[in-house]
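Keep the structure open while you read.

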Amino acid sequence: MSSLIPWVGGRGVFDPFSMDLWDPWSTGNWLWDTSGRRTGGGDDTAALARTNVDWRETATAHIFTADLPGVRKEEVKVEVEDGNVLRISGEKVKEEEDKTDTWHRVERRRGSFTRRFRLPENANMDDIRCSLGNGVLTVTVPKKEVTATRNVRAIDIA
């Protein structure tokens, strides 16, 4: 599967996954905004927020899948903010280290992480389900029943 957003490496280039709030329905030109004002500017918060999350939409739900290796259920929070913002946060804790250990390389990320996603109007925020297994968090946000209501207004004929 290929990405809809072209991959461009390096600082100063727009990275939608480093944003504090992933909002594909905003009115701004989010795809080509390279100003850095919405990307977190490369600070530590943005670096820790890069927990990998996939968001797919099916006919009945929005499904979020987050890679959280080594994170226990008690260390993760899934919350709803402002009615339609899904917030996934937690902390990857540092291992206990023995004073006699000699570390040669540390590549795994530790620390706090937060990802926020603004959901569309059809998201049923009251029936969200979550599960965590094998280091993968799955959040299922069902869709509301969409009733096709037509706004019909009669016009008097003169």
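Predicted model: local features only at pLDDT ≥ 70, side-chain atom pairs only at ≥ 80, totals over all residues.

## Strands 2 and 3

Strand 2 and strand 3 run antiparallel to each other, paired over 5 bridges. Two strands pair here if DSSP finds at least two bridges between them, and strands themselves are DSSP runs (E, at least two residues), numbered from the N terminus. A hairpin of 3 residues takes you from strand 2 to strand 3.

Residues are numbered from 1 along each chain as its sequence is written, and side-chain values use heavy atoms, with hydrogens and water left out.

## The aromatic cluster

There are 3 aromatic pairs in the structure. Rings of Phe, Tyr and Trp (its six-membered ring) pair if their centres lie within 6.5 Å; planes under 30 degrees apart are stacked, over 60 edge-to-face, and the rest tilted. Trp55 and Phe117 make an edge-to-face pair, because their planes sit at 80°, with ring centres 5.8 Å apart. That pair links distant parts of the chain, with Trp55 in strand 2 (residues 53-57) and Phe117 in strand 6 (residues 111-118), 62 residues apart.

Phe117 also pairs with Phe64: the ring centres are 5.0 Å apart and the planes meet at 45°, so this one is tilted. Since Phe64 belongs to strand 3 and Phe117 to strand 6, the pair ties together parts 53 residues apart in sequence. Put together, Trp55, Phe64 and Phe117 form one aromatic cluster.

Trp55 is partly exposed at 23%. The cut-offs are under 20% relative accessible area for buried, over 50% for exposed and in between for partly exposed (1.4 Å probe, protein chains only).

## A charge over a ring

Lys92 lies over the face of Phe113, 5.9 Å from the ring centre. The test asks for NZ of Lys or CZ of Arg within 6 Å of the ring centre and within 35 degrees of the ring normal.

## Arg72 in its loop

Arg72 sits in the loop between strand 3 (61-67) and strand 4 (76-81). Its relative accessible area is 52%, so Arg72 counts as exposed. The C-alpha atoms of Arg72 and Asn134 are 10.0 Å apart, with 62 residues separating the two along the chain.

Notes:
Helix = DSSP H or I, 4+ residues; strand = E, 2+ residues; numbered from the N terminus.
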